[in-house]
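Hello,

Here is the structure we talked about passing on. My notes on the helix packing and the sheet follow below.

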Amino acid sequence: MVALGNKQEYGVDYDETFAPVAKMTTIRTVLSIAASKGWSLHQMDVKNVFLHGDLAEDIYMTPPQGLFSSFVAVCKLKRSLYGLRQAPRAWFENFQTTLLGFSFTQSRYDSSLFIQTTAASIVLLLIYVDDMVITGSDHVSIQHLKRQLQASFHMKDLGNLNYFLGLKVNSHPKCLFLHQHKYTNDLISLAGLQSAAPVDTPHEVNVKFLRDEGDILPNPLLYRQLVGSLNYLTITRPDISFAVQQVSQFMHTPRHLHLAAVRRIIRYLKGTSHRGLFFPTGTSLNLVGYSDADWAGCPDTRRSVTGWCMFLGSALISWKSKKQAWVSKSSTESEYRAMSLACSKIIWLRGLLAELDFPQTEATPLYADNTSAIQIAANPVFHERTKHIEVDCHSIREALDNRIVSLPHITLQLQLAHIFTKVVPRLRHEFLNNKLMLLDHPHQFEG
């Protein structure tokens, strides 16, 4: 039992997340760079991670019965314990201080990424609570870092990166393959669909679900468990992002029709459980983006859906399928909003890549299929048509003027972000999956 008194007095806010964790986009970016450059990937784990934190506050606890023979009212903690709310924060601060002492710098774009650069090499370390991924161009420096970490903490060297946060990483001379096959099978079992027939697409064509359509589920627990698991599965399965975005809207009061939509997604996964992301070796490290929108796609709110995806060379590293926060008055406006959000992601990725010593010297192409939206971004004369659009959306004009992005037009048939904004037929779905480098588990990795 911990006694703290007033939490504001001690500078503790229990509503905050104390341990920063690596962004999934950062993880995929580092993996794609490692694959392209042929770098080895290593994994380490911290033993009893939350016992490594030094406390900044005065914290007292009542001792467990039988610990002391004489009466002791309270104990003052010198270090963190499991169950202490600020233990994750205390651990990360200790680890951060240690890494900075090893001549690492902390990324400004992801606080869980640490970088050590010399004139001849670079070493990268990603941390997700107690799991670490280490890679870089110098094997000797990596081994030296491992020895330093083992001298500072109780560490376990897990060797080459194999299984990380439920993600399976298979290395091959020609690629890295990232998938969640085991997680997918566990999800199928949770839904009780082991013997169900698979389907070709995660969402039925020409079907839209209403918020209040059908009977309410008497117990929404399973629905929420399945949708939460599906959201985590989108880390390596961009092909289900739009369908999962659709069913995620009904978490508050799901209905039987919504559960049927979730079951269809899982039946699609049953037939594609070995599918994952390919990060090819020897590819370029030029950043490329695609942006799209589906105007007024939500039948309840008439809001549009934003979709974008980012490639580093030919490796897919980031994507989004999300309902817009405002109702757009035209398809051009919805496309313009989507382009602005995609531009913000490009700016963040360019900054991250510059820190990793892979600066983007040319403007990043952001492919869009709406010529009117491209003209509005390039020509501020369209004031009468855009004066109702929020100022932050017009930031894409500044990025265009500063040659951070370019806005080439692309035909709808080649628009790769199309799969993140609407339901597509089977043949189109398979075509886009191939373009996204979302392929089936190769035979070389079986077993």
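**Helix packing and sheet**

Helix α4 passes α7 in a left-handed crossing (left-handed if the near helix is turned anticlockwise from the far one by less than a right angle, right-handed if clockwise). This is a predicted model, in which local features need pLDDT of at least 70 and side-chain atom pairs count only at pLDDT 80 or more, while totals for chains, interfaces and linings use all residues. Residues are numbered from 1 along each chain as its sequence is written, and side-chain values use heavy atoms, with hydrogens and water left out.

Helices (H or I, at least four residues) and strands (E, at least two) are DSSP runs, numbered from the N terminus. α4 covers residues 181-191 and α7 residues 256-271; they pack at an angle of about 135°, their axes 10 Å apart. Axes are lines fitted to C-alpha atoms, for helices over the stretch in contact, and angles run from 0 to 180 degrees between N-to-C directions. That angle makes α4 oblique to α7 (under 35 degrees is roughly parallel, over 145 roughly antiparallel, 65 to 115 roughly perpendicular, the rest oblique).

In the contact (heavy atoms within 4.5 Å), T184, L187, I188 and A191 of α4 meet R263, I266, L269 and K270 of α7.

The open sheet has 6 strands in the order β5-β6-β7-β8-β2-β9, with antiparallel pairing (strands pair if DSSP finds at least two bridges between them). β5 (105-106) and β9 (155-160) stand at the edges with a single partner strand each, so one side of each has no neighbour in the sheet.

Regards
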